[in-house]
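Work through each task before turning to its solution.

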Amino acid sequence: MLVVTTENIPGYRIVEVKGTTFGLIVRARGIGGDIMAGLRSVVGGEIKEYTVLLEDARKQALDRMIKNANAMGANAVVMFRYDSGSMGNMGEVVAYGTAVVVEKV
């Protein structure tokens, strides 16, 4: 599966647009991670517990988006983006783009 942030893929042409594809994940931080992060925020620096949490969430959202695009019959995703937000102690990450069928030129 080709996944790009651009509108086109060099060396390929889009032969069919399947539509919007996305992968969504909502993760809750554990109380232990919140306590450690709170302590780190007092002294400053990177909050590694949250960095790991967000990296994992992004990977899972990307994997889900690719799985969705495959189910739609696509072999590539163009205009790929991430978005994120939070609700209380939960973090949401969505990976989205346009599922397409491409062929080599």
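## Exercises on strands, rings and surface

Met-79 has its place in strand S3. The model is predicted, so that local features need pLDDT of at least 70 and side-chain atom pairs count only at pLDDT 80 or more, while totals for chains, interfaces and linings use all residues. Residues are numbered from 1 along each chain as its sequence is written, and side-chain values use heavy atoms, with hydrogens and water left out.

**Exercise 1.** Describe the backbone and the exposure of Met-79.

*Solution.* Step 1: most residues other than glycine have a negative phi. Step 2: Met-79 is not a glycine, yet its phi is positive, about 55°. Step 3: the relative accessible area of Met-79 is 32%, and this residue is therefore partly exposed. The classes are buried (under 20% relative accessible area), exposed (over 50%) and partly exposed (in between), with a 1.4 Å probe and protein chains only.

**Exercise 2.** State the pattern of the chain and the order of the strands in the sheet.

*Solution.* Step 1: the chain has 2 helices and 4 strands. Helices (H or I, at least four residues) and strands (E, at least two) are DSSP runs, numbered from the N terminus. Step 2: along the sequence, the pattern reads β-β-α-α-β-β. Step 3: the 4 strands form an open sheet in the order S1-S3-S4-S2, with mixed pairing. Step 4: S1 and S2 each have a single partner strand and stand at the edges, so one side of each lacks a neighbour in the sheet. Two strands pair if DSSP finds at least two bridges between them.

**Exercise 3.** How do the partners of S3 run, and which residues are joined?

*Solution.* Step 1: strands of a sheet pair through backbone hydrogen bonds, either parallel or antiparallel. Step 2: S1 (residues 2-3) runs parallel to S3, with 2 bridges between them; Leu-2 stands opposite Ala-76. Step 3: S3 and S4 run antiparallel and are joined by 10 bridges. Among the bridge partners in S4 are Glu-92 for Gly-85 and Met-90 for Met-87. Step 4: the hairpin of S3 and S4 has 2 residues between the strands, and Gly-88 there takes a positive phi near 65°.

**Exercise 4.** Classify the aromatic pair and locate the charge over Tyr-82.

*Solution.* Step 1: the structure holds 1 aromatic pair. Phe-80 and Tyr-82 form this pair, with 4.9 Å centre to centre and 75° between the planes. Step 2: rings of Phe, Tyr and Trp (its six-membered ring) pair if their centres lie within 6.5 Å; planes under 30 degrees apart count as stacked, over 60 as edge-to-face and the rest as tilted. The pair of Phe-80 and Tyr-82 is edge-to-face. Step 3: Phe-80 is buried, at 10% relative accessible area, whereas Tyr-82 is partly exposed at 28%. Step 4: Arg-58 lies over the face of Tyr-82, 4.2 Å from the ring centre. The criterion is NZ of Lys or CZ of Arg within 6 Å of the ring centre and within 35 degrees of the ring normal.
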